[in-house]
Amino acid sequence: MNIREKYGFTYYLEASYTPFEECAQWAIYLSTDIKNLDRTISLVYKELKKLREQPFTTLQLDKAKKQIKGQIALANENTSGMLHVIAKSFLLFNRIDTLPALYKQVEKVTSSQLLDIANEIFDEKKLSRLVYRSKL
C-alpha cells in the first residue's frame, strides 16, 4: 500500500502466498508505466528489507493477528472453501483444526518469529523476478 499510495507509481500491486506440501510460493505482482518500473521494483525491495529488519510493534502484530483471524472466519463462511481447507488439512496433517484451535495458533505467533521468517523468505539472494513488458 505504501508504494501505491505514497509514491503513486503503480496502478495495481498485490502479494500472494500459495502453500504446497513441502514448500510454498510467495509472489508480488504489480503494474506500472515503463518509466516507473525500476523505481517501483526498488521500492518493493525496500519494503521487503523493512520486513527483514524492523520487528512488528505490539500494535502492528495485534492488527495482523486480527486480520488473519478475520480472514479465517470469512473463509469458513464459504462452504466449498471450508471443505477445501478441511480436506487439505486432513490429507497433509491427518487432522482437522477447529476455529478456536486455529485462533490459538495465530495468537502464539511472536514478532521475533515473524522477523526470522521474513529474513528467510525475503532474502534478496533467494528472490527472482519476471518482468513482462506490454507494447500498447
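## Contacts, core and salt bridges in a predicted model

In this predicted model, the backbone oxygen of Ser 31 lies 2.5 Å from a polar atom of the Thr 10 side chain. The side chain of Thr 10 also reaches the backbone oxygen of Tyr 12, at 2.8 Å. A polar contact is a pair of N or O atoms within 3.5 Å; within protein, one must be able to donate a hydrogen and the other to accept it, and residues adjacent in sequence count only if both atoms are side-chain atoms.

Thr 10 is found in strand β1 (residues 10–19). Helices (H or I, at least four residues) and strands (E, at least two) are DSSP runs, numbered from the N terminus. With 6% relative accessibility, Thr 10 counts as buried; buried means under 20% relative accessible area, exposed over 50%, and partly exposed in between (1.4 Å probe, protein chains only). Leaving aside residues up to four places away in sequence, Thr 10 touches Ile 3, Arg 4, Leu 30, Ser 31, Thr 32 and Thr 40, where contact means heavy atoms within 4.5 Å.

The largest nonpolar core has seven residues: Ile 3, Leu 13, Leu 43, Val 44, Leu 48, Ala 118 and Phe 122. Helix α2 (residues 37–53) gives the most to this core, with three residues. Such a core is a set of buried Ala, Val, Leu, Ile, Met, Phe, Trp, Tyr and Cys residues joined through side-chain atoms within 4.5 Å. Val 44 touches Ile 3, Leu 13, Ile 28 and Leu 30, again not counting residues up to four places away in sequence.

The model has seven salt bridges, each defined by a side-chain nitrogen of Lys or Arg within 4 Å of a carboxyl oxygen of Asp or Glu. Among them are these:

| Glu 5 | Arg 4 | 3.7 Å |

Glu 47 and Lys 50 are separated by about one helical turn, because they are three residues apart in helix α2. Glu 5 is exposed at 54% relative accessibility, whereas Arg 4 is partly exposed at 32%.

Residues are numbered from 1 along each chain as its sequence is written. Local features need pLDDT of at least 70 and side-chain atom pairs count only at pLDDT 80 or more, while totals for chains, interfaces and linings use all residues; side-chain values use heavy atoms, with hydrogens and water left out.
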